[in-house]
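Biologist: Please put the chain and its model on the screen. I have some questions about the details.

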Amino acid sequence: QLQLVESGGGLVQPGGSLKLSCAASGISLNYVAIGWFRQAPGTEREGVSCISSSGGSTNYADSVKGRFTISRDNAKNTVYLQMNSLKPEDTAVYYCAVRGLKTCPAGINTGYLFGSWGQGTQVTVSS
């Protein structure tokens, strides 16, 4: 059974860093793209980043470009999201999800193209 588990969230001060992990079981991530999404209270889910199965192609939301980096270690069946220079507006529950193709969608807010969502990990940026 496919399962994704996010971890690495927490409370961090503005300007700080966190590294999120998305560990998969029940499926090899070698053949699928993975996306990171987030949802803050009272807001719609938004796309954050996506990485292709090979790791050779990535995309980011404009709001996180230059601050966040997505990567993957297929040997560990894990995808990461390194978040630097965090801002209070980055506060949200972060989720990872699987796309049943090797490539990322053209757009970033394409959560409907992903499935097998994890339970999420809370990121809070506050002083």
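Biologist: Does Asn77 count as buried or exposed, and at what relative accessibility?

Modeller: This is a predicted model, so read each value as computed. Asn77 lies in the loop between β7 (68-73) and β8 (78-83). The cut-off for buried is under 20% relative accessible area. Asn77 falls under that cut-off and counts as buried, at 15%.

Biologist: What is the phi of Asn77?

Modeller: Most residues other than glycine have a negative phi. Asn77 is not glycine, yet its phi is positive. The value is near 55°.

Biologist: Which loop holds Ser85, and what is its phi?

Modeller: Ser85 is found in the loop between β8 and β9 (92-99). At 39% relative accessibility, Ser85 counts as partly exposed. Ser85 has a positive phi in a residue other than glycine, near 50°.

Biologist: How many aromatic pairs does a search of the whole structure find, and how far apart are the ring centres of Phe37 and Trp117?

Modeller: The search finds 3 aromatic pairs. One of them is Phe37 with Trp117, a tilted pair with 55° between the planes. Centre to centre, the distance is 4.8 Å.

Biologist: How many residues apart are Phe37 and Trp117?

Modeller: Phe37 is in strand β4 (residues 33-39). Trp117 is in the loop between β9 and β10 (121-125). The pair links distant parts of the chain, 80 residues apart.

Biologist: What is the geometry of the pair Tyr95 and Trp117?

Modeller: The ring centres lie 6.5 Å apart. The angle between the planes is 80°. Planes over 60 degrees apart count as edge-to-face, and that is the class of Tyr95 and Trp117: edge-to-face.

Biologist: How far apart in sequence are the parts that Tyr95 and Trp117 tie together?

Modeller: Tyr95 lies in strand β9. Trp117 lies in the loop between β9 and β10, so the tied parts are 22 residues apart in sequence.

Biologist: Which residues form the aromatic cluster?

Modeller: Phe37 and Trp117 make a tilted pair. With Phe114, the one cluster consists of Phe37, Tyr95, Phe114 and Trp117.

Biologist: Which ring has the charged end of Lys19 over it, and which has Arg45 over its face?

Modeller: The charged end of Lys19 sits 4.6 Å from the centre of its ring, and that ring is Tyr80. Arg45 lies at 5.8 Å from the centre of its ring, and that ring is Phe37.

Biologist: In what order do the 4 strands of the open sheet run, and which stand at the edges?

Modeller: The order is β1-β3-β8-β7, with antiparallel pairing. An edge strand has a single partner, so one side is left without a neighbour in the sheet. The edges are β1 (3-7) and β7.

Biologist: Over how many bridges do β7 and β8 pair?

Modeller: Phe68 stands opposite Met83 in β8. The sense of the β7 and β8 pairing is antiparallel. The count of bridges is 6.

Biologist: What is the handedness of the disulfide of Cys22 and Cys96?

Modeller: The structure holds 2 disulfides. In this one, the sulfur atoms are 2.1 Å apart. The torsion about the S-S bond is about 80°, so the disulfide is right-handed.

Biologist: Where do Cys22 and Cys96 lie?

Modeller: Both are buried. They link distant parts of the chain, 74 residues apart. Cys22 is in strand β3 (residues 18-25), and Cys96 is in strand β9.

Biologist: What is the handedness of the disulfide that joins Cys50 to Cys104?

Modeller: The S to S distance is 2.0 Å. Both Cys50 and Cys104 are buried. The torsion about the S-S bond is about -95°, so the disulfide is left-handed.

Biologist: What pattern do the disulfides of the chain follow?

Modeller: Cys22 bonds with Cys96. Cys50 bonds with Cys104. With bonded cysteines counted along the chain, the pattern is 1-3, 2-4.

Key:
Residues numbered from 1 in each chain as written. Predicted model: local features only at pLDDT ≥ 70, side-chain atom pairs only at ≥ 80, totals over all residues. Heavy atoms only, no water. Helix = DSSP H or I, 4+ residues; strand = E, 2+ residues; numbered from the N terminus. Buried < 20%, exposed > 50% of the residue type's maximum accessible area, 1.4 Å probe, protein only. Phe/Tyr/Trp six-rings, centres within 6.5 Å; stacked < 30°, edge-to-face > 60°. Lys NZ or Arg CZ within 6 Å of the ring centre and 35° of its normal. Pairing = 2+ DSSP bridges. Disulfide = S-S within 2.5 Å.
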